[in-house]
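Visitor: I'm new here and would like a walk through this one. Could you take my questions one at a time?

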Amino acid sequence: MERIIEEDIVIVGAGIAGLTTSLGLHRLGIRSLVLESSDNLRATGFVLTLWENAWKALDAVGVGDILRHQHIQFHGLVTTTLITGKQTSTTYFKDNTRKNGSHEVRCVRRHIILEALAKELPSGTIKYMSKVVAIQESGFSKILHLADGARIKTKVLIGCDGVNSMVAKWLGFKEASPIGRYTTRGYVELKNTHDLEPMLMQYFGKGFRAGVIPCDDKGVYWYFSWTSIIEDYQKDLAQDPAKLKQYVLNKLEKMSSYVRSFIENTELDAFHFAPLRHRHPWELIMGNISKGNVCVVGDALHPMAPDLGQGGCCALEDGVVLAKFLAEAFSKNPKEGEEEYKIIEESLKKYAKERRWRCIDLITRSYIMGSIQQSGSKLVNFCRDQILTKFLVDQTLKKSDFDCGQLK
């Protein structure tokens with residue numbers, strides 16, 4: 001049998017959460033090993049809208065400026081109701097008269113952010129083709145069994161393995177729950193420069209919401225999310241990209257023809273049907289974010305609806321906060337065994353305490369905002385378009401006004 005490899009810290013998953021945590025530890029002089037089940041960096045989805053709090057986290061791990069130079073900064077957000085076709089609000093991010101001041105917001109390609117984080121890590125930090133199939137207790141350590149038969153013994157196990165996290169399941173969390181809404185999204189790379197202003201454009205209709213976002217001079221990202229109770233029809237859309245594309249375009253018939261053209265020009269293989277899921281807030285109230293020397297980060301901890309745009313931003317925060325607490329624990333140079341285990345356990349408890357209510361708040365608000373934005377009720381839609389639009393935008397900015405702190 002292959003010998004057991006020993007590591008101080010093992011991170012399962014080389015996504016945004018895993019790489020940020022590893023890089024945060026590296027900046028503080030702590031080595032970690034990142035296990036990735038695929039043969040390269042996986043960029044599920046196309047882009048992430050990164051709000052003010054995300055840029056503070058990226059600056060903390062030292063890659064903020066690398067990404068700023070490749071992506072445009074947005075001036076503001078425009079909302080339009082497709083029930084009447086009229087704009088309902090315009091909010092500018094560089095507004096120093098607002099209580100929370102100006103906000104930095106950019107749309108970043110997923111593969112670019114992953115590559116930027118990975119490039120800053122020491123060679124050999126990421127071990128590809130390393131799928132964890134079992135977790136075994138071994139005294140004060142955990143032994144990870146990999147699909148290829150390898151075994152890794154670690155003092156700290158961090159689950160950054162996404163919405164279907166094996167580590168979260170080990171901690172006692174249930175699978176993320178469907179919220180009754182669906183989404184598709186796409187990205188178009190144009191031959192020539194588009195004429196879009198650097199603004200986030202959101203559209204609301206009866207039972208759906210959509211967005212069109214310029215990422216750079218030639219790249220445009222869009223998304224479409226809807227609510228439906230007709231299960232059989234959802235199955236048809238999931239199996240037929242052409243039908244899904246036509247469904248989206250029919251719903252957006254009152255959208256500006258120029259903006260709509262980006263969706264029309266998206267290839268069918270970009271139309272991926274996906275049900276939205278989240279973790280119930282009460283699971284985070286009652287559940288174990290950490291247990292002994294094991295914890296979870298990112299979507300493994302807080303899968304949420306996309307309506308606040310905070311899923312990836314929150315994962316970046318998680319990574320910085322966890323790196324600080326773990327580095328503090330290892331800086332004490334405890335004796336191996338029970339003393340070291342207790343110090344690590346306490347550091348993970350501190351991380352869990354600091355992140356628990358932030359995550360609960362974001363999950364809850366995302367769900368409520370999505371329910372309002374995608375309501376099928378005429379009364380709710382009227383209130384949304386005539387009264388609540390500015391309030392909803394302000395909530396998005398308010399929740400992005402968070403600082404995870406520096407790495408010291």
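Predicted model: local features only at pLDDT ≥ 70, side-chain atom pairs only at ≥ 80, totals over all residues.

Guide: Residues are numbered from 1 along each chain as its sequence is written, and side-chain values use heavy atoms, with hydrogens and water left out.

Visitor: How much space lies in the largest cavity?

Guide: Rolling a probe the size of a water molecule over the atoms shows where empty space is left. On a 1 Å grid over the protein atoms alone, a cavity is a set of points where a 1.4 Å probe fits but cannot get out, while a pocket is an open set with protein on both sides within 12 Å along at least five of seven lines; lining residues have an atom within 4 Å of a point. The structure holds one cavity of 30 Å³ or more. The volume, meaning the space filled by probe spheres set on the points, is about 70 Å³ for the largest cavity.

Visitor: Which element gives the largest share of the lining of that largest cavity?

Guide: Helices (H or I, at least four residues) and strands (E, at least two) are DSSP runs, numbered from the N terminus. β4, β12, α11 (338-373) and α12 (378-400) each supply at least two lining residues. The lining includes Leu77, Phe204, Met369 and Thr396. The largest share, four residues, comes from α12.

Visitor: And the second largest pocket: which residues lie nearest its centre?

Guide: That pocket has about 300 Å³ of space. Its lining has 18 residues, and β4 (76-81), β5 (87-92), β12 (199-204) and α8 (257-264) are the elements that give two or more of them. Nearest the centre lie Val78, Gln87, Glu197, Met201 and Tyr203.

Visitor: Which residue forms a salt bridge with Asp307?

Guide: A salt bridge is a side-chain nitrogen of Lys or Arg within 4 Å of a carboxyl oxygen of Asp or Glu, and a search of the whole structure finds 26 of them. In its salt bridge, the closest N and O atoms are 3.0 Å apart, and the partner is Arg181.

Visitor: How far apart in sequence are the parts that this pair ties together?

Guide: Asp307 is buried, and so is Arg181; buried means under 20% relative accessible area, exposed over 50%, and partly exposed in between (1.4 Å probe, protein chains only). Asp307 lies in the loop between β17 (294-296) and α10 (311-330), and Arg181 in strand β11 (residues 177-189), so the parts they tie together are 126 residues apart.

Visitor: Is Lys142 buried or exposed?

Guide: Lys142 forms a salt bridge with Glu137, with 3.1 Å between the closest N and O atoms. Glu137 counts as partly exposed because its relative accessibility is 48%. Lys142 has a relative accessibility of 2%, so it counts as buried.

Visitor: Which helix gives the nonpolar patch its largest share?

Guide: Trp282, Ile285, Met286 and Trp357 make a nonpolar surface patch of about 540 Å². Ile285 counts as partly exposed because its relative accessibility is 40%. The largest share of the patch, three residues, comes from helix α9.

Conventions
Patch = residues over 30% accessible without salt bridge, like charges linked within 9 Å, V, L, I, M, F, W, Y side chains within 5 Å. Areas by Shrake-Rupley, 256 points an atom, 1.4 Å probe, with all protein chains shown as cover.
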